[in-house]
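Trainee: I would like to learn how to read a structure. Please start with a single residue and then go on to the whole chain.

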Amino acid sequence: MLRRQDSTDAPLIRDAIDTSLAHLRASVAWAQAEPTPVAVLARRLAGFAAAFDSGEAWAFTIFDETEQRVLGGAGLEPAEPALAAVVGPDAVETGYWLRADATGHGYATEATAGLIELACTRLGARSVVVCHDPANPASDGIPRRLGFRCLGAVPNAELPGRLAADGSVRAMTMVWVLDLAPRHEVTARSPQ
């Protein structure tokens, strides 16, 4: 279940992060600053909700089927100018994280597939992009399963400021792109 992030989810998200801190610190830079107090996390989630409502970025919490346990998070945001220069205009970037005991079950793949559908049908994106640290080859699995094409490792000079899991600026970033059908092709097809 994907649900727009909300400040009231802070305790459940805090639990998912706290129980998986070593796992997350090994894979995502933002985890280096964790743990943060629930009140701080709630304010951050309120900011994500405001960005969602204003159409600036779309952050979701990944819940189990009961919506009582957070499995992780996923989101979309418009590609920044440097990334758009590499992949083309009207691109959105997706990212995701899972708690340690939720990996290997297809949750991130399923969530990303849902975000691709959103990007195609609601956001008018021409492409969806996944970027990750080449030092984390496990991150290749999701874009590979979903049919993305790999552009390879792009140097920091072209994609400046991308962070490695340890918080340092990485020298290279793996870039995967999924080209979407132009919006007019999606809506112009007549039923057969």
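**One residue, then the fold**

Mentor: D140 lies in the loop between β5 (127–132) and α6 (141–145). Helices (H or I, at least four residues) and strands (E, at least two) are DSSP runs, numbered from the N terminus. This is a predicted model, where local features need pLDDT of at least 70 and side-chain atom pairs count only at pLDDT 80 or more, while totals for chains, interfaces and linings use all residues. Residues are numbered from 1 along each chain as its sequence is written, and side-chain values use heavy atoms, with hydrogens and water left out.

Trainee: Is D140 buried or exposed?

Mentor: Buried means under 20% relative accessible area, exposed over 50%, and partly exposed in between (1.4 Å probe, protein chains only). D140 has a relative accessible area of 15%, so D140 is buried. Of the 192 residues of the protein, 44% count as buried.

Trainee: Which residues does D140 touch, not counting residues up to four places away in sequence?

Mentor: A contact means heavy atoms within 4.5 Å. With that sequence limit, D140 touches H132 and W176. As for V130, ten residues from D140 along the chain, the two C-alpha atoms are separated by 9.1 Å.

Trainee: How many helices and strands does the protein have?

Mentor: The protein has seven helices and seven strands. From the N terminus on, the order is β-α-α-α-β-β-α-β-α-β-α-β-β-α.

Trainee: What does the C-alpha trace span along its principal axes?

Mentor: The C-alpha trace of the protein spans about 50 × 40 × 30 Å.
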